[in-house]
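Dear colleague,

I am handing over the structure below, and after it you will find an account of what turned up in it. Please read the account with the model open beside you.

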Amino acid sequence: QKMKREVEDLIDEVKSLKPRLPNGWESRKVYTIGCFDLFHRGHQNVLLSLREFGAYLIVGIHDDESYFKLKNKYTIDNLETRMNNVKPFADQIYVIPSTDPLLYIKSMVSDQDVANGSCCYARGDDMLNFPSREWVESVMPVHFVPRTEGCSSTLIRTIYHADSKDISVLLDSIKVARYLLV
């Protein structure tokens, strides 16, 4: 009980030191879109950092078929797993069943939020020319956050598909570390 109180006190202290959102951002909606396959610390860091731009996070996730069309490879984690991985960091999730997310993000963003300036789009800086950027920038501010160095779904995927006994041992270690680090 004593340790629990100490931890709660530390959490309260950290929360009190965190800068408050600028006036008007307390109800601001933050939109983002991604694939989130092989969810790792970098994904977690991006999703957590998006809260710096508003209080309500809405995440679009490409379905398995659109992921394949976008990247010419199959997902490792299916859509349900990817949604479950993102859910602890998001207030709302929607699925994008197309390589072009424009129709779907347009459907999610309300005209009232645009008129009130109570929304923005934010994402990692790994894809500055994201699909639908032209429309998004025409209706709301766009913010980019830095990627987490050393975190890469591509690296994890390369190891996952490697055809070597040594690599498979390494893969088992990465699977364990992936779940410990997130």
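**Aromatic pairs, sheet and salt bridges**

Phe39 counts as buried, because its relative accessibility is 4%, where buried stands for under 20% relative accessible area, exposed for over 50% and partly exposed for what lies in between (1.4 Å probe, protein chains only). Please keep in mind that this is a predicted model, in which local features need pLDDT of at least 70 and side-chain atom pairs count only at pLDDT 80 or more, while totals for chains, interfaces and linings use all residues. Residues are numbered from 1 along each chain as its sequence is written, and side-chain values use heavy atoms, with hydrogens and water left out.

The structure holds 4 aromatic pairs, a pair being rings of Phe, Tyr and Trp (its six-membered ring) with centres within 6.5 Å, called stacked with planes under 30 degrees apart, edge-to-face over 60 and tilted for the rest. In one of them, the ring centres of Phe39 and Phe89 are 5.7 Å apart and the planes stand at 25°, so this pair is stacked. Distant parts of the chain are linked here, with Phe39 in the loop between E1 and helix H2 (41-49) and Phe89, 50 residues away, in the loop between helix H4 (79-86) and E3. Phe89 is also buried, at 14% relative accessibility. Phe68 and Tyr74 are stacked too, at 4.5 Å centre to centre and 25° between the planes, although Phe68 is partly exposed at 27% and Tyr74 is exposed at 62%. Tyr121, Phe130 and Phe144 are linked by ring pairs into a cluster.

As for the overall build, the protein has 9 helices and 5 strands, taken as DSSP runs numbered from the N terminus (helices H or I, at least four residues; strands E, at least two). Of its 182 residues, 35% count as buried. The 5 strands make an open sheet with parallel pairing, in the order E3-E2-E1-E4-E5, where pairing requires that DSSP finds at least two bridges between two strands. Strands E3 (92-96) and E5 (142-145) stand at the edges with a single partner strand each, so one side of each has no neighbour in the sheet. Strand E1 (residues 29-34) pairs with strand E2 (residues 56-62) over 6 bridges in the parallel sense, and Tyr56 in E2 is the bridge partner of Lys29.

Lys29 also takes part in a salt bridge with Asp113, whose closest N and O atoms are 2.8 Å apart; the term covers a side-chain nitrogen of Lys or Arg within 4 Å of a carboxyl oxygen of Asp or Glu, and the count comes to 7. This pair joins strand E1, where Lys29 lies, to helix H6, where Asp113 lies, across 84 residues. Asp113 is buried at 9% relative accessibility, whereas Lys29 is partly exposed at 25%.

A second salt bridge connects Arg82 and Asp64, at 2.6 Å between the closest N and O atoms. Arg82 is in helix H4 and Asp64 in helix H3 (residues 64-71), so parts 18 residues apart in sequence are tied together. Arg82 is buried, with a relative accessible area of 0%, while Asp64 is partly exposed at 31%. Arg123 and Asp126 form another salt bridge, at 4.0 Å from N to O, with Arg123 buried at 11% and Asp126 exposed at 57%.

With kind regards
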